[in-house]
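Here's a quick tour of a predicted model. Have the viewer open and follow along.

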Amino acid sequence: MPVVGRPVQRPGRPGLLERMWITLRHMIRPKVTMRYPEETWRLPENYRGLPALVRDEQSRVKCVACFLCEYVCPPKAIHIEAQEITTGVEKGPRIFDINMLRCIMCGYCEEVCPEQAIFLTKEYATVGLSREQMIFPKDKLLAMGGTRPDPIKKWARLTRAPEEARGSTDAGQGVSR
């Protein structure tokens, strides 16, 4: 079979003078030293760090234990057990654990969450002296996540006055007041 095209010209190995020049250039270049605990790197805007659970403005856990994040997690780092919550309408997580040794910070859990209850933070330091310490429970994940505004407002129909609820259903049917 005939050869098609031209052979590629590969650069030769650098000579002794070129190798010495590379070494000297690195020796005289200014060094960057960071005192780590006191100084930290400035992270880019799209940095994906550790996942964390969040609460809404009334300090309610936004997670409804739909198990989507557990199913979509590639390394199976998330474990959820559901329970019924006090409203009697929905469920919430009784246990929500993330194994940070398995987590690859891919962001699938954040993308699939219908309630916007899990977010990737800018946190990147995970420290633990044992495997058990690297499994973050619900309380630690909520402390890491803090409070975020709730654009979905899933609790609004349970907390608003009866006149407002009636007005919104009438407005939906085209009746004006």
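## Salt bridges

Is Arg60 buried, partly exposed or exposed? Arg60 counts as partly exposed, because its relative accessibility is 24% (buried is under 20% relative accessible area, exposed over 50%, partly exposed in between, with a 1.4 Å probe and protein chains only). Arg60 pairs with Asp56 in a salt bridge, with the closest N and O atoms 3.1 Å apart; the cut-off is a side-chain nitrogen of Lys or Arg within 4 Å of a carboxyl oxygen of Asp or Glu. Asp56, at 1% relative accessibility, is buried.

A search of the whole structure turns up 2 salt bridges. Glu81 and Arg94 also make one, at 2.3 Å from N to O. Glu81 sits in strand β2 and Arg94 in strand β3, so this pair ties together parts 13 residues apart in sequence (strands are DSSP runs of E, at least two residues, numbered from the N terminus). Glu81 is partly exposed at 27%, and so is Arg94 at 45%.

## The nonpolar core

The largest nonpolar core has 22 residues, and Ile78, Phe96, Ile98 and Met100 have the most contacts inside it. Such a core joins buried Ala, Val, Leu, Ile, Met, Phe, Trp, Tyr and Cys residues through side-chain atoms within 4.5 Å.

Beyond its neighbours within four places in sequence, Met100 touches Leu50, Pro51, Met134, Phe136 and Leu141 (contact means heavy atoms within 4.5 Å).

## Reading the numbers

Residues count from 1 along each chain as its sequence is written, and side-chain values use heavy atoms, without hydrogens or water. Local features need pLDDT of at least 70 and side-chain atom pairs 80 or more, while totals for chains, interfaces and linings use all residues.

Notes
Helix = DSSP H or I, 4+ residues; strand = E, 2+ residues; numbered from the N terminus.
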